[in-house]
Amino acid sequence: MRAYWSLFSGRLRMLLQYRTAALAGLTTQLFWGLIRVMAFEAFYRSSSRPMPLSIEQTVDYIWLGQAFLMLLPMRLDAEIRAMVRSGSVAYELVRPLDLYTLWYARTVASCLAPTALRCLPLCGIALFVFDMRLPPSAAAAMAFILSMGTSLLLAAALSNLLNITLLWTLAGEGTANILQVATFLFCGMIVPLPLFPDVLQPILEHAPFAGLMDLPFRLYTGHIPADEVASVLGRQMFWIVVLVLGGRWLLARGTRVLVAQGG
């Protein structure tokens, strides 16, 4: 276990050095956050129908989405892709370590570091400047923190599954683009999931993507009561187990037929 922890902590420290890139991304996300807030405010003002989310909850939801954008599984691990393309991934197979856990530790660090650099400054600016609100209660805040921790593990499981597909696709851009579109659409990043048609709600709430953003954000806003956090965590953990087991099966199958390029 110490080897995996060392890999995780080393990669996390390395990725935390990219502070200038995080500052540039923070500026971009503030800009897009403002645009989205204005668009949804116009939408709410133009409709007289009751909405499943209040405008205040929607504004909180939007800013949380910008703060935790880098948590989403939308990019391949460049080093794993290079190893697969060059054939040096064969060296990974001879290490006295479990390959899935090794890559999963890398992926958790890759999701956590850029998110940590951006989320706190962006939330601070949104709270003091752009009308974002604090959670309605301490219980809601604790439920949000717990669910975001589980969301990190879920995002890493999805990202690791994406990395494993490189054993077949080599480049991986096509698979990454498909997953990115599905993630953005069904996690609530583009439109909060409660605003989707009622007929789609059972499907959206129980899909793995809802556990990335929608469910934790609704705990934060109070749309989901804090005493339902066990149900939210249960749904997230279910998909983590499914994706980890599926990833392990896919990796085992891939390594059995792996042919390093060049021979």
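Trainee: Is Asn 160 buried or exposed, and what is its relative accessibility?

Mentor: Burial is read from relative accessible area, where buried means under 20%, exposed over 50%, and partly exposed in between, with a 1.4 Å probe and protein chains only. Asn 160 has 0% relative accessibility and therefore counts as buried. Please keep in mind that this is a predicted model, in which local features need pLDDT of at least 70, side-chain atom pairs count only at pLDDT 80 or more, and totals for chains, interfaces and linings use all residues. Residues are numbered from 1 along each chain as its sequence is written, and side-chain values use heavy atoms, with hydrogens and water left out.

Trainee: Which side chain makes a polar contact with the side chain of Asn 160?

Mentor: A polar contact is a pair of N or O atoms within 3.5 Å; within protein, one must be able to donate a hydrogen and the other to accept it, and residues adjacent in sequence count only if both atoms are side-chain atoms. Here the partner of Asn 160 is the side chain of Thr 107, at 3.4 Å.

Trainee: Where does Ser 231 lie?

Mentor: Helices are DSSP runs of H or I with at least four residues, and strands are runs of E with at least two, numbered from the N terminus. Ser 231 belongs to helix α12, residues 229-256, whereas Asn 160 sits in helix α7, residues 138-164. Ser 231 is partly exposed, since its relative accessible area is 40%.

Trainee: How far apart are the C-alpha atoms of Ser 231 and Phe 184?

Mentor: They are separated by 23 Å, and the two residues are 47 residues apart along the chain.
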